[in-house]
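Subject: Structure handover and notes

Hello,

My notes on it follow.

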Amino acid sequence: MGAVILGTGSCLPDRVLSNHDLEEIVDTNDEWVRSRTGIATRRISGEGEEVYRLATVAAQRAMEMANVTADEIDLIIVATISPHMIMPSCACFVQKELGAANAFAYDLNAACSGFLYSLDTASKHALVDRDKTILVIGAETLSARTNWEDRNTCILFGDGAGAIVMRYAENNRGVLASELFSDGNLWKLLHMHGAPSCNPAIDPPDNPGPYMLMEGREVFKYAVRAMENAVLQLLEKEKISIDDISLMIPHQANIRILNKLLSRLGVKQEKVFINVQKYGNTSAASIPIALDEANREGLIKHGDLLLICSFGGGFTWGAGLLRW
Ligand code: ACO
């Protein structure tokens with residue numbers, strides 16, 4: 001018994017920004033970026049590719065696969081830290097674009113862990129309201145929240161959206177379990193402040209704008225350890241071994257974080273889906289984009305056990321288990 005994924009979809013902006021393109025913007029080079037992050041290109045949104053539009057197209061592709069119409073959608077959750085506006089939510093814009101008149105809609109902010117948190121939230125909605133059809137979307141246009149003069153961060157992030165359609169089913173498939181964590185004490189190591197809603201009286205005078213700020217080395221260390229612990233706790237709770245996993249779809253932050261995590265967990269490379277080289281870190285969108293690509297490439301079969309895990313600002317992190 002669980003909340004089953006009926007369809008997946010994704011949408012990436014057209015513009016490709018390569019490491020060579022970045023050499024024209026900041027003091028960096030292709031070799032440095034590839035060797036430190038594994039990233040070769042990322043997508044950058046332009047006119048007509050606002051975050052809610054990327055989210056809407058991803059949702060439409062997932063709905064088409066699921067054979068679900070806009071009228072049938074009861075709930076829309078959008079995980080994002082780069083909404084089009086602070087109010088209304090990105091989810092309300094998506095509802096309008098889809099014409100999903102019967103849905104209620106809200107955003108969820110858990111940074112790069114937003115999709116994992118939303119999946120957990122949506123599966124619980126589905127277990128309580130068993131006839132509900134739910135859209136879960138991860139969507140970001142982080143290029144608008146990136147300081148393009150800061151080479152520590154601008155090389156890492158990209159734009160995109162991924163979506164799934166979920167509904168309760170009387171079988172042993174769907175979301176089986178998740179372990180979620182947060183630690184607000186560590187907020188300073190990765191944050192984005194200076195949004196227009198900040199009180200000017202308490203906002204620091206050196207406010208650099210609504211940009212991503214990061215202590216890269218510290219984030220790296222916490223990310224590896226936190227995701228490893230979350231996965232181990234989940235496996236122990238569910239009484240399964242890492243070898244039982246058919247495919248792992250981690251948050252696509254950077255290849256060195258992933259390689260370290262995989263070697264600590266003892267996961268074989270061929271059991272992991274990685275696309276960070278193409279899209280960089282798309283925060284809450286990274287897992288649903290990867291899930292959709294893996295699904296459309298035929299890498300996920302009926303009955304497969306999927307492991308997802310993520311880490312992001314907050315800090316927020318966790319791991320989830322799904323039976324396809
Ligand atoms: N190009 C060239 N040189 C650079 C660049 C760049 N883009 N950025 C920094 N450098 C320089 C630094 O200035 C420094 O020079 P110095 O020694 O003369 O001072 C040198 O390279 C080393 O800098 P470090 O910051 O120590 O480099 P590090 O090896 O730690 O790599 C990186 C930086 C890639 C950011 C790494 O710390 C990292 O991957 N951290 C994780 C960050 C992350 O993924 N965050 C995403 C959000 S959280 C998540 O999604 C999991």
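Helices (H or I, at least four residues) and strands (E, at least two) are DSSP runs, numbered from the N terminus. This is a predicted model, in which local features need pLDDT of at least 70 and side-chain atom pairs count only at pLDDT 80 or more, while totals for chains, interfaces and linings use all residues. Residues are numbered from 1 along each chain as its sequence is written, and side-chain values use heavy atoms, with hydrogens and water left out.

Backbone

Most residues other than glycine have a negative phi, and most peptide bonds are trans. The following places depart from that pattern.

Phenylalanine 315 sits in the loop between strand S12 (305-312) and strand S13 (316-323). The peptide bond that joins glycine 314 to phenylalanine 315 is cis, with omega about -10 degrees. Another cis peptide bond links methionine 87 and proline 88, with omega about 0 degrees. Proline 88 belongs to the loop between strand S4 (75-79) and helix H4 (90-98).

Lysine 239 is not a glycine, yet has a positive phi of about 55 degrees. Lysine 239 is in the loop between helix H7 (216-237) and strand S11 (247-250). For serine 283, phi is also positive, near 50 degrees, and the residue is in the loop between helix H9 (276-279) and helix H10 (286-296).

Buried means under 20% relative accessible area, exposed over 50%, and partly exposed in between (1.4 Å probe, protein chains only). Lysine 239 is exposed, at 74%, whereas serine 283 is buried, at 1%.

Helix H2

In helix H2 (residues 30-37), the buried residues are Asp30, Val33 and Thr37. Viewed down the axis of H2, they fall within an arc of 80 degrees, so they line one face of the helix; the arc is that of the directions from the helix axis to the C-beta atoms. These buried residues pack against helix H1 (19-23), strand S3 (41-44) and helix H8 (255-265), where contact means heavy atoms within 4.5 Å. Glycine 38 follows H2 and has a positive phi, near 80 degrees.

Cysteines

How many disulfides does the structure hold? There are zero, a disulfide being a pair of cysteine sulfur atoms within 2.5 Å. For cysteine 11, the closest cysteine sulfur is that of cysteine 90, 12 Å away and so too far for a bond. Cysteine 11 is buried, at 10% relative accessibility. The sulfur of cysteine 112 has its closest cysteine sulfur in cysteine 309, at 12 Å, which is also too far for a bond. Cysteine 112 is buried too, at 9%.

Regards
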